[in-house]
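Here is a short briefing to read alongside the structure. Please keep the 3D view open as you go through the points.

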Amino acid sequence: MRIGELSERTGTPRRLLRYYEEQGLILPDRCANGYRSYDERLVDRVLQIRGLLDAGLPTRIIKQILPCLDKPRLIHFSDATPEMISTLEDERDRMTRRIDCLTRNRDAISEYLDAVIGKHTTS
C-alpha cells in the first residue's frame, strides 16, 4: 500500500509516518520506481508505535523494544544496559500510575452518569 492508505488506516499523518521511517521504527519496501510500499503488517506496527508514544515512551526506547512486540514470548536483549532497564522500569511505573488515574476518572464518570441517568429515568 502507499503512504496515503497507511495514513488513512492508522489516522497518522504522512509526515509522521516519514518521521517513523527516519527513526527506523518502520521500514517500507521500495518499488522499482522508488516509491515506498507499506506492508499490511505495518498498520499494526504504526498503531503500536502511536500507543507507545502516547504512553510517553521516547522513540529511542520504542526502537529498542519493537522487536519484542512481534514475538512477545521470545524477549531477549543481549545488549540491555542497566540504564535501559532502569528507563523501562521507570516508564512502566509511570504508565501504571497513569492507568490507575485513568481508571479512577473513568469510574467517577461512570458513577456520575449512573446518577444522572437514574435521575432522569425516575422523574
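In this predicted model, helix H1, which covers residues 3–10, packs with helix H2, residues 14–22, at an angle of about 105 degrees. The axes of H1 and H2 are 9 Å apart. Angles from 65 to 115 degrees count as roughly perpendicular, so H1 is roughly perpendicular to H2.

**How H1 meets H2**

- From H1, the contact draws on Ile3, Gly4, Leu6 and Ser7.
- H2 answers with Arg14, Leu17 and Arg18.
- Sorted by type, the residues of the contact of H1 with H2 comprise 3 nonpolar, 2 polar and 2 charged.

**Salt bridges**

- Across the whole structure, a search turns up 8 salt bridges.
- One to look at is the salt bridge between Glu5 and Arg9, where the closest N and O atoms are 3.6 Å apart.
- Glu5 and Arg9 both belong to helix H1 and are 4 residues apart, so about one helical turn separates them.

- Which residues does Arg2 contact, leaving aside its neighbours within four places in sequence? They are Tyr35, Arg36 and Tyr38.
- Arg2 and Ser37 are 35 residues apart in sequence, yet their C-alpha atoms lie 5.4 Å from each other in space.

**The largest pocket**

- Now for the largest pocket, whose volume is about 170 Å³.
- Its lining is made up of 11 residues, and the closest to the centre of the pocket are Gly24, Leu25, Leu27, Arg45 and Leu66.
- Two helices, H3 (41–54) and H4 (59–70), each supply at least two residues of the lining.
- Which helix gives the most to the lining of the largest pocket? That is H4, with 4 residues.
- By type, the lining of the largest pocket divides into 6 nonpolar residues, 1 polar and 4 charged.

Key: Residues are numbered from 1 along each chain as its sequence is written. This is a predicted model: local features need pLDDT of at least 70, side-chain atom pairs count only at pLDDT 80 or more; totals for chains, interfaces and linings use all residues. Side-chain values use heavy atoms; hydrogens and water are left out. On a 1 Å grid over the protein atoms alone, a cavity is a set of points where a 1.4 Å probe fits but cannot get out, and a pocket is an open set with protein on both sides within 12 Å along at least five of seven lines; lining residues have an atom within 4 Å of a point. Grid points are joined across faces, edges and corners, and a volume is the space filled by probe spheres set on the points. Ala, Val, Leu, Ile, Met, Phe, Trp, Tyr, Cys and Pro count as nonpolar, Asp, Glu, Lys and Arg as charged, and the others, Gly among them, as polar. Axes are lines fitted to C-alpha atoms, for helices over the stretch in contact, and angles run from 0 to 180 degrees between N-to-C directions. Angles under 35 degrees count as roughly parallel, over 145 as roughly antiparallel, 65 to 115 as roughly perpendicular and the rest as oblique. Contact means heavy atoms within 4.5 Å. A salt bridge is a side-chain nitrogen of Lys or Arg within 4 Å of a carboxyl oxygen of Asp or Glu.
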